[in-house]
Amino acid sequence: MIKTEKLKKIYTTEEIETTALDSLNLEIEQGEFCAVMGPSGCGKSTLMNVLGLLDNPTAGKYYFMGNEVSDYSEKDRAQLRKGNIGFVFQSFNLIDELTVFENVDLPLLYLGVSSDEREKKVEAALERMDMMHRRNHFPQQLSGGQQQRVAIARATVADAKLILADEPTGNLDSDRSDEVMNLLAELNEQNTTIIMATHSPHDADYARRVINLFDGQIVSEDMQEGFHV
């Protein structure tokens, strides 16, 4: 599903040049659950941005679903993201002015799905996350765990093949964190590919593969059983 060859990302300002990714080679198959770990500044978020087609690499090649996408324009990247990639962020990134239902509906709206089909899909996604009873609430009326459930519903409503989760439990207590991680594990059991950046060894235990980054390079990889739900 994903392959990178000598991937580089360099950020340049007037005063300094920073190498965030340094000749990184990586392959991830459909259906994997990978945790990306490493200290702050090691390149985790940069890697997630490149893999999520939010940014282009400075050099090297990136293959997504068999297509070489390193030089795609923003328009082409946005088109490829639609329906293929869902994002779950530490800060939830819900739109405060929209209800729970409307937040989850957004990806389908962008895809041009009919209103009847959208309603069915949104309701199914909210049911799966046990959030239908909150469909008419606004994000600020929800707990952190509930907001993250809505964010996962939004990420999965269009049947995305890949979920990118960047510190998905960073703003949650331990009980809510376990809820979110169990939801991600359930999605993975249904063959959704999940790549998660995390500082948490506990969260990383849910993954079947742990990739350790340091200074923009992969320094080790570990295979593990992962949690089964």
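The protein has seven helices and 10 strands, where helices (H or I, at least four residues) and strands (E, at least two) are DSSP runs numbered from the N terminus. Its radius of gyration is 17 Å, close to the 17 Å that the globule rule gives for 229 residues, so the protein is as compact as a globular protein of that length. That radius is taken over C-alpha atoms, and the globule rule is 2.2 Å times the number of residues to the power 0.38. Before we go on, keep in mind that this is a predicted model: local features need pLDDT of at least 70, side-chain atom pairs count only at pLDDT 80 or more, and totals for chains, interfaces and linings use all residues. Residues are numbered from 1 along each chain as its sequence is written, and side-chain values use heavy atoms, with hydrogens and water left out.

Let's stay with the overall picture a moment. The C-alpha trace spans about 50 × 35 × 35 Å along its principal axes. Buried residues account for 48% of the 229; buried means under 20% relative accessible area, exposed over 50%, and partly exposed in between, using a 1.4 Å probe and protein chains only. If you take the contacts (heavy atoms within 4.5 Å) between residues at least 6 apart in sequence, 66% of them join residues at least 24 apart.

Four strands make an open sheet in the order 2-1-4-5, with antiparallel pairing; two strands pair if DSSP finds at least two bridges between them. Strand 2 (17-28) and strand 5 (67-68) stand at the edges with a single partner strand each, so one side of each has no neighbour in the sheet. Helix 1 (residues 44-51) packs on this sheet and touches strand 1 (2-12), strand 2 and strand 4, its direction making about 60° with that of strand 2. Such axes are lines fitted to C-alpha atoms, for helices over the stretch in contact, and angles run from 0 to 180 degrees between N-to-C directions.

Strands 4 and 5 form a hairpin with two residues between them, and Met 65 in the turn has a positive phi of about 50°.

Back to helix 1, which is mostly covered, with six of its eight residues buried. The buried ones are Lys 44, Thr 46, Leu 47, Met 48, Val 50 and Leu 51. After the helix comes Leu 53, with a positive phi near 60°.

Ser 70 lies in the loop between strand 5 and helix 2 (74-81). Is Ser 70 buried or exposed? At 3% relative accessibility, Ser 70 counts as buried. Its side chain makes a polar contact with the side chain of Glu 68 at 2.3 Å, and a polar atom of that Ser 70 side chain lies 3.4 Å from the backbone oxygen of Gly 60. A polar contact is a pair of N or O atoms within 3.5 Å; within protein, one must be able to donate a hydrogen and the other to accept it, and residues adjacent in sequence count only if both atoms are side-chain atoms. Leaving aside neighbours within four places in sequence, Ser 70 touches Asn 56, Pro 57, Gly 60, Lys 61 and Tyr 62. For contrast, Lys 75 is in helix 2 and counts as exposed, at 70% relative accessibility.

Next, strand 8 (residues 193-197). Five of its five residues are buried, so strand 8 is largely enclosed by the rest of the structure. In a regular strand the side chains alternate between the two faces of the sheet. In strand 8 both faces are covered, with Thr 193, Ile 195 and Ala 197 on one side and Ile 194 and Met 196 on the other. Strand 3 (residues 33-37) runs parallel to strand 8, joined by four bridges, and strand 7 (residues 162-166) is parallel to strand 8 too, with five bridges. Ile 195 stands opposite Cys 34 and is also the bridge partner of Leu 164.

A search of the whole structure finds zero of them, counting a pair of cysteine sulfur atoms within 2.5 Å as a disulfide. The sulfur of Cys 34 is 15 Å from the closest cysteine sulfur, in Cys 42, which is too far for a bond. Cys 34 is buried at 0% relative accessibility, and Cys 42 is buried at 2%.
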